Amino acid sequence: MSKDFKIEDKILDKLSTRKQMNSLRSLRTNTSLIDFCSNDYLGFSKNLLVEESKNQGATGSRLISGNSAQFELLETKIAAFHNAPAGLIFNSGYDANIGLFSCIADKGDTIIYDQYIHASIRDGIRLSNARSFSFEHNNIDALEKKLQQADGHVIVAIESVYSMDGDEAPLEKIVAVCEKYEANIILDEAHATGVLGENGEGLAQSLNLESKIFARVHTFGKAMGCHGAIVLGSDNLRNYLINFARSFIYTTALSEHSLNAVESAYNELERSNSIIKQLHRNISLFQSLLSADLQSKFIPSSSPIQSILVAENETVKKVEASLQTLGFDIRAILHPTVEKGKERIRICIHSFNTEEELKMCVASLEKLIV
């Protein structure tokens with residue numbers, strides 16, 4: 001290797017390539033635009049009343065100085081809400097998935113995952129020693145073929161609601177085929193928490209299937225309006241993660257203030273049936289306002305995530321810019337985040353979006369896309 005080689009040159013080259021592909025990401029500050037892009041489905045991030053704490057700092061990992069009675073009581077409370085034996089809180093959904101998937105399967109085991117699974121799960125799988133296969137999105141026959149090829153302990157990784165398409169996993173069918181092959185299911189409930197179920201318990205509980213799921217991951221950074229996540233499962237799973245999940249072991253624990261926010265969110269969720277119903281009324285209203293031509297371009301979804309396909313990065317970025325000029329905070333999803341040719345405008349519906357905002361949004365989409 002040449003002594004003159006500078007890593008800065010490699011960085012610039014890769015950034016230049018992204019720019020040429022119209023896929024260069026950049027950070028943006030909050031704006032006064034109408035929110036149709038955040039995961040704050042119930043508006044909790046704006047309205048939570050968080051109890052002030054005299055000691056809001058973080059002191060170390062939970063295995064050293066960061067654990068507390070508050071942590072363990074909150075884990076017990078959340079596990080009870082989701083009808084699970086036990087739970088372990090992680091600092092984020094990403095940390096939870098990285099920690100869980102990297103340690104749960106060993107050499108000789110098999111992880112089978114939906115092709116649209118979240119990047120955090122893919123990264124966790126890569127850190128494990130297990131064999132892994134993807135299967136065609138929500139295709140039960142394709143899943144069964146992969147199960148027939150699996151060895152060792154078998155884990156099937158799926159999401160309740162997929163973050164880019166907004167569609168649900170056919171959980172009842174997946175449970176049935178996994179029971180046939182004695183496979184364990186890990187279900188990421190990130191975009192179902194606070195959205196599905198009478199009080200936002202998630203997809204598994206809404207179908208009374210929680211006892212059939214080996215592990216569920218509920219994140220607090222979507223509808224809950226907080227930060228962190230919890231892995232739910234058996235007491236044995238909790239103890240295993242404490243001992244083997246590196247993203248739990250080697251990180252500073254959440255502060256007391258963060259735990260107060262999560263507890264406040266779950267207290268609010270227990271009495272938020274009317275807000276959840278309003279969210280689903282808004283989703284139905286949005287869809288009813290779409291013309292047949294425009295509706296045909298949307299990926300079918302009954303969740304808050306409504307995605308309209310607009311192929312090619314350059315084209316979808318122009319649509320995004322026009323929508324923002326019109327006052328809507330709506331974001332384009334570009335390749336390589338999604339498959340090339342399936343770039344999209346991703347619209348997130350919230351309980352707090354007004355009927356007038358929804359009508360204006362649809363009218364703008366009709367002008368720009370149809």
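This is a predicted model: local features need pLDDT of at least 70, side-chain atom pairs count only at pLDDT 80 or more; totals for chains, interfaces and linings use all residues.

User: Thanks! Does N199 count as buried or exposed?

Analyst: N199 lies in the loop between β6 and α9 (203-206). Its relative accessibility is 18%. Buried means under 20% relative accessible area, so at 18% N199 counts as buried.

User: Which residues does N199 touch, leaving out those up to four places away in sequence?

Analyst: Contact here means heavy atoms within 4.5 Å. Not counting residues up to four places away in sequence, N199 touches F81, L269, E270, S272, N273 and I276.

User: And E182, is that residue buried or exposed?

Analyst: E182 sits in the loop between α8 (171-180) and β6 (184-188). Its relative accessible area is 71%. The cut-off for exposed is over 50%, so with 71% E182 is exposed.

User: What is the phi of N138?

Analyst: N138 is found in the loop between β4 (131-135) and α7 (140-148). Most residues other than glycine have a negative phi. N138 is not a glycine, yet its phi is positive, near 55°.

User: What is the phi of E182?

Analyst: E182 is not a glycine either, and its phi is positive. The value is about 55°.

User: Is the peptide bond from H335 to P336 cis or trans?

Analyst: P336 lies in the loop between β11 (331-333) and β12 (344-348). Most peptide bonds are trans. For the bond from H335 to P336, omega is near 20°, and the bond is cis.

Definitions and conventions: Residues are numbered from 1 along each chain as its sequence is written. Side-chain values use heavy atoms; hydrogens and water are left out. Helices (H or I, at least four residues) and strands (E, at least two) are DSSP runs, numbered from the N terminus. Buried means under 20% relative accessible area, exposed over 50%, partly exposed in between (1.4 Å probe, protein chains only).
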